[in-house]
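Please work through the exercises below with the structure in view. Try each task before reading its solution.

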Amino acid sequence: MAPSDDFPISRRGLLAGGAASVATAAVARPAMAETAPSRAPASPPTAKVDFEVNGTAHSLELDTRTTLLDALREHLRLTGTKKGCDHGQCGACTVIVDGRRINSCLSLAVQHDGDRITTIEGLGQPGNLHPMQEAFVVHDGYQCGYCTPGQICSAVAVLEEIKAGIPSHVTADLSVAPSVTPRELRERMSGNICRCGAYSNIVDAIVDVAGVKA
Amino acid sequence: MKSFTYERVDTPAAATAAFARTPGARFIAGGTNLLDLMKLEIETPSHLIDVSRLKLDTIEPTSDGGLRIGAMVRNTDLAADARIRRDYGLVSRALVAGASGQLRNKATTAGNLLQRTRCPYFYDTNQPCNKRRPGSGCAAIGGFSRLHAVVGASEACIATHPSDMAVAMQALDATVETVDKAGKARRIALADFYRAPGSTPHLETALAPGELITAVTLPKPVGGTHIYHKVRDRASYAFALVSVGVVVQPDGSGRVALGGVGYKPWRVKAADAELPRGAKAVTSALLAGAKTSHENAYKLPLVERTLAGVLAQAKG
């Protein structure tokens, strides 16, 4: 899949590319020498999709296999959203679509025609942080930071879900609106894994934003 | 992932017509399970028919006092619906015991029923699996079988069905409504929806190729105390080792269904009748003829003890 435009070459990319070339030279070339000149493979099916990301309209023609995550990162260069497991198990790719948090890795970009998508870049920017971003900084709600964009997008949506009265596994009474408690937050944030184990500080940050006593 | 062509349809009739035109097609809605399996090339559709925008996303009362849940109603919306929370608490409880908030926001009612097993050998394409590659064998039998079925399994497959919601739906006698390629509608009791693995574990449901689920209906509310208890390896966001769903009436009668023990939500009418006699009697009736391995034999006492706890909780 050819990206639509190029990143400046990074040191990391150069090193990775260099390693790949070495492997190709060692393994693939002898085999190549015995085969006829290769034909270009048929180009994979594409489809057009229009959606809005962080308030900006985009129109993309994508390989149908492109996930929303890859569309954001590789085509729109919004690399704040992270690829962790790529199987919906870690939550690093969490973005907000039409007000709801989803795993962008388990969603095809072409299924999002007409949708309004918010990524970590849309929540806030340096100098203009979203209150949840601010609270994660204040409470040290991360260590390596890789899961943080997903944690923050998830946390923002979690407070909206509680406000909307959506029950969770630990909501004691289905007939009573759920409230913001550390127990509720821990359960609702369980789809966001933090390998560094910053969980207790993450809960503190969310509690802070919600304006309740922990 | 294998490449595929894509189209979006607006009506169930257009969906089934698209399937008839394109052999090798699959319907996609939330996509949280299908796309995962496509990445691993366990599912390799050549064409995807996007049914996620069909107008099947409402919950309507039925003429007999029940509810018709559109196939595209998201798990989050179903769990949060005021009527479901009030009259079918078991459904709400089962839903929020499953997956994560992000997944429940995407996953649909029909997709939840159709999700495939999480047997690790089904997922590992280096291993034989009769469900993934018919005739290749079953690596789970004699393998790591701690998560596997203790009832209803066969010599070809010991996988479990992973849905929590389906356990609640089974206890509440839900019915699946479909429309086939010819546009003909039919109703399938959830009790008859999942096929026993037998020698063909790759055939999992009563659906014909191209048949589309349009709704799941619940009969009129049965009252009682609704409890869903899921036992898993971590406190949240994990599949069930076993789960127990009950509706218990004030006189001690009721109904019970199990998750994590078989290829479908496990319910035995004779076991319902044993409820007033307690967990041991109910478990004996539910799991009569159970076949266990050294690794999953724990599920039998775990079911009994979980059920005992649930019945004590129901008494209040």
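The exercises that follow concern a predicted model, and they take up its sheets, the contact between its chains and one of its pockets.

**Exercise 1.** Work out which strands stand at the edges of the five-stranded sheet of chain B, and say why one side of each is left without a neighbour.

*Solution.* Begin with the order of the strands, which in this open sheet of chain B is β4-β5-β8-β6-β7, with antiparallel pairing. The edges are held by β4 (59–61) and β7 (185–189) of chain B, and because each has a single partner strand, one side of each has no neighbour in the sheet. Neighbouring strands of this sheet are turned against each other by 25° on average, direction ignored.

**Exercise 2.** Describe the five-stranded sheet of chain A, and find which helices lie across β3 and β4 of chain A.

*Solution.* The strand order in this open sheet is β2-β1-β5-β3-β4 of chain A, and the pairing is mixed. Its edge strands are β2 (56–63) and β4 (100–103) of chain A, each of which pairs on one side only, while the twist from one strand to the next averages 40°. Within the sheet, β3 (residues 94–97) of chain A pairs with β4(A) in the antiparallel sense over four bridges, and A:Val97 stands opposite A:Arg100 in β4(A). Helix α5 (residues 148–163) of chain A lies across β3 and β4 of chain A at about 45° to β3(A), whereas helix α2 (residues 68–75) of chain A lies across β1 (46–53), β2, β3, β4 and β5 (116–118) of chain A at about 100° to β3(A).

**Exercise 3.** State how many residues each chain brings to the contact, and what area is buried there.

*Solution.* Chain A brings 40 residues and chain B brings 42 residues. The area buried between them is about 3400 Å², with carbon and sulfur atoms giving 51%. On the side of chain A, the residues that lose the most area to chain B are A:Leu106, A:Gln111 and A:Leu174, together 22% of what that side buries.

**Exercise 4.** Find which helix supplies the largest share of the lining of the second largest pocket.

*Solution.* This pocket holds about 400 Å³ of space, and of its 18 lining residues the closest to the centre are A:Arg186, A:Glu187, A:Met189, A:Ser190 and B:Ser236. At least two lining residues come from each of α6 (182–188) and α7 (199–210) of chain A, and α6(A) gives the largest share, four residues.

Conventions
Residues are numbered from 1 along each chain as its sequence is written. Chains are lettered from A and ligands numbered from 1 in the order in which they are written. This is a predicted model: local features need pLDDT of at least 70, side-chain atom pairs count only at pLDDT 80 or more; totals for chains, interfaces and linings use all residues. Side-chain values use heavy atoms; hydrogens and water are left out. Two strands pair if DSSP finds at least two bridges between them. Axes are lines fitted to C-alpha atoms, for helices over the stretch in contact, and angles run from 0 to 180 degrees between N-to-C directions. On a 1 Å grid over the protein atoms alone, a cavity is a set of points where a 1.4 Å probe fits but cannot get out, and a pocket is an open set with protein on both sides within 12 Å along at least five of seven lines; lining residues have an atom within 4 Å of a point. Grid points are joined across faces, edges and corners, and a volume is the space filled by probe spheres set on the points. Contact means heavy atoms within 4.5 Å. Buried area is the accessible area (1.4 Å probe) that two parts lose on being put together, summed over both.
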